Amino acid sequence: MFTAAILAFALLADRALATFGLTTTSNRYKVDTNGGLVFEVNRANGDVTSLVFNGVEYQGTSKASGINSGLGTSSVSAETINNKYIKITAKSNSLPVTHYYVVKPDDPTIYMATYITGEVDPGELRWLARLRQTNVPTGVHGDVGNTIGCTAFEGKDTFRCSNGQTRCKMYTSDRFIDDQVHGVSGSNVAVWMIMPGTAYETSAGGPFMRDINSQTGSDQELYWYMNSGHVRTEAWRFGLMGPYAMRFTKGDKPSADVDTSFFGDLSIQGYVPASQRGTVSGSATGVPGDFEAVIHWYNNQAQYWAKASGGTFKSPLMKSGTYTMKLYKGEYEVAKDTVTVTAGKDTAKNIASAEPNPSVIWRIGNFDGRPQELRNGDKIERMHPSDTRMGSWGGTFTVGQSSASDFPMALFSKVGGSVKVNFNLASNQVRDLTLRVGTTLSFKGGRPSVAIGSWTGKDPGAPTLIDSRGVTRGAYRGYGEVYTWTVPASALKSGQNTLTLGVYGSGDQEFLSANYIVDAVELQGPAAS
């Protein structure tokens, strides 16, 4: 007890002596936030080499924390500004990257921003904190990214455990529009990434893009991915990524409402203050109440989004310029327009769904850009299609008896088989009909093959290739191709008919064969009479 009392007294004494400040050694900058967090930055390359929170070291032992796997040799400088902020700037000598660390007194947070002027080898840009796994063992979404004791079976990043469950760091991802705070945790401690306000404005991929948040192995890896080649659907943007932050707490989840306006006083390259921004507001109509209405603005320099509430919306503060403006029913595009944003002004702009509303004999699923209501759609973001917790693939669906959850959310050319849809037609419905198949993502050129009776639909041709594994790493969103065929009356009959839905394309084996993810399937035509 006596020894414990001495240690406790020593810790209190250290805290009492701690003050907000910057210490410089021959090879390190040491920053004391006076908020419980003390960290060190390598003066040669900008890596973070120590992260001590409330007297405990959290920095991993094998590699440092930093941008990607390090900026390499860099020009690194540090300064105290008005006794209110400490700023460390690391400008890489070999990469088109300048990274900033900023701290405030009494705040256990490292505020950051990353400025780029070109794509960064090896094709991704991420903040990566390598933390001691024993101190923060729980990753984002629990154990979905925990590969300890498991064996890689697909590439080097997808693992199978002895119980048949699968793990991958991609399974920790969330949609950008929903992902403003994520973190890893341990006993009475958590480390959080915070992406407040317009932090994503210079990233790529739009509101529904998802990317790696954590991976649990010998280190606990905590990420914020700004850009990558993971299911990439648009070109990189260049400029300032962020501001964003990494915060230490005793376990409580912080708010995403973090004020980073002080960056305007710190000479951060590429930072655009609120005074040089504008907004867009208006009504978003025509999206059924069962679906989320999302508005998305983008151009080559920036991207923004907002969710409508009660049929109205207001954008975040946006950089001046002309933007494409889209309205989504869930994640399914239903309207497109343009709007010009002017600094210091709110621009009024309404948008309304232009989605057609044809007469439908039957529909399976929803045209909402997501497969979640279909079989295995509720699991695919967090596990591999071969996981023992997954349901079967392929099968038979009977219109009027089966539910959407009986229809597989993906079809593969070399595993699982096709799916058969049994449906009845009345005599007045035996005429030329329109078959429509919506998809959300294709792999290896996979696209629908369709047949009813003696009729086989024309191969629509391979869609635009996204050179990235998708469904096996939890991704479901790509370009969202929708295919239509005219089914001739000669292929149909009064009474029961059967649609066979399969896959054109080859690819590799099993779940890496050509495949596509289903959004919805419908047969358009008149009601029975």
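Two strands are taken to pair if DSSP finds at least two bridges between them. In this predicted model, strand E13, residues 158-160, meets that condition with E14, the two being paired in the antiparallel sense over three bridges.

## The three-stranded sheet

E13 and E14 belong to an open sheet of three strands in the order E12-E13-E14, with antiparallel pairing. Strand E12 (151-154) and strand E14 (166-168) stand at the edges with a single partner strand each, so one side of each is left without a neighbour in the sheet. From one strand to the next, the twist averages 40°.

The pairing of E12 with E13 is likewise described by three bridges in the antiparallel sense, and within it Glu-154 stands opposite Thr-158 in E13. Between these two strands the hairpin has three residues, and Gly-155 takes a positive phi near 60° there. On the E14 side, Arg-160 stands opposite Thr-166.

## The cysteines around this sheet

With a disulfide taken as a pair of cysteine sulfur atoms within 2.5 Å, the count comes to one. This disulfide joins Cys-150 to Cys-161, with an S to S distance of 2.1 Å. Cys-150 lies in the loop between strand E11 (125-132) and E12, while Cys-161 lies in the loop between E13 and E14, so the pair ties together parts that are eleven residues apart in sequence. The torsion about the S-S bond of Cys-150 and Cys-161 is about 85°, so the disulfide is right-handed. Both Cys-150 and Cys-161 are buried.

Cys-168 counts as buried, at 0% relative accessibility.

E11 and E18 run antiparallel and are joined by eight bridges, and the bridge partner of Arg-126 in E18 is Tyr-225.

In soluble globular proteins, nonpolar side chains tend to be buried together. The largest nonpolar core of this model has 50 residues, and those with the most contacts inside it are Trp-127, Met-193, Tyr-244 and Met-246. Not counting residues up to four places away in sequence, Met-246 touches a set of residues including Leu-51, Pro-108, Ile-110, Trp-127, Trp-192, Met-193 and Leu-222. Another core, of 45 residues, lies apart from the largest one, and among its members are Leu-425, Trp-455, Ala-475 and Tyr-516.

Arg-237 is found in the loop between strand E18 (219-227) and strand E19 (239-249). With a relative accessible area of 2%, Arg-237 is buried. Ser-513 is found in the loop between strand E37 (495-504) and strand E38 (515-524), and at 0% relative accessibility Ser-513 also counts as buried.

| Side chain | Partner | Distance |
|---|---|---|
| Arg-237 | side chain of Gln-303 | 3.5 Å |

Which residues does Ser-513 contact, leaving aside its neighbours within four places in sequence? They are Phe-412, Ser-413, Lys-414, Phe-443, Ser-506, Gly-507 and Asp-508.

Tyr-115, for its part, has its place in strand E10 (residues 109-116). Its relative accessibility is 17%, and because buried means under 20% relative accessible area, Tyr-115 counts as buried. The C-alpha atoms of Tyr-115 and Thr-98 are separated by 5.1 Å, although the two residues are 17 residues apart along the chain. Leaving aside neighbours within four places in sequence, Tyr-115 is in contact with Thr-98 as well as with Pro-96, Val-97, Tyr-100, Gly-239, Leu-240, Gln-269 and Gly-270.

Methods:
Residues are numbered from 1 along each chain as its sequence is written. This is a predicted model: local features need pLDDT of at least 70, side-chain atom pairs count only at pLDDT 80 or more; totals for chains, interfaces and linings use all residues. Side-chain values use heavy atoms; hydrogens and water are left out. Helices (H or I, at least four residues) and strands (E, at least two) are DSSP runs, numbered from the N terminus. Buried means under 20% relative accessible area, exposed over 50%, partly exposed in between (1.4 Å probe, protein chains only). A polar contact is a pair of N or O atoms within 3.5 Å; within protein, one must be able to donate a hydrogen and the other to accept it, and residues adjacent in sequence count only if both atoms are side-chain atoms. Axes are lines fitted to C-alpha atoms, for helices over the stretch in contact, and angles run from 0 to 180 degrees between N-to-C directions. Contact means heavy atoms within 4.5 Å. A nonpolar core is a set of buried Ala, Val, Leu, Ile, Met, Phe, Trp, Tyr and Cys residues joined through side-chain atoms within 4.5 Å.
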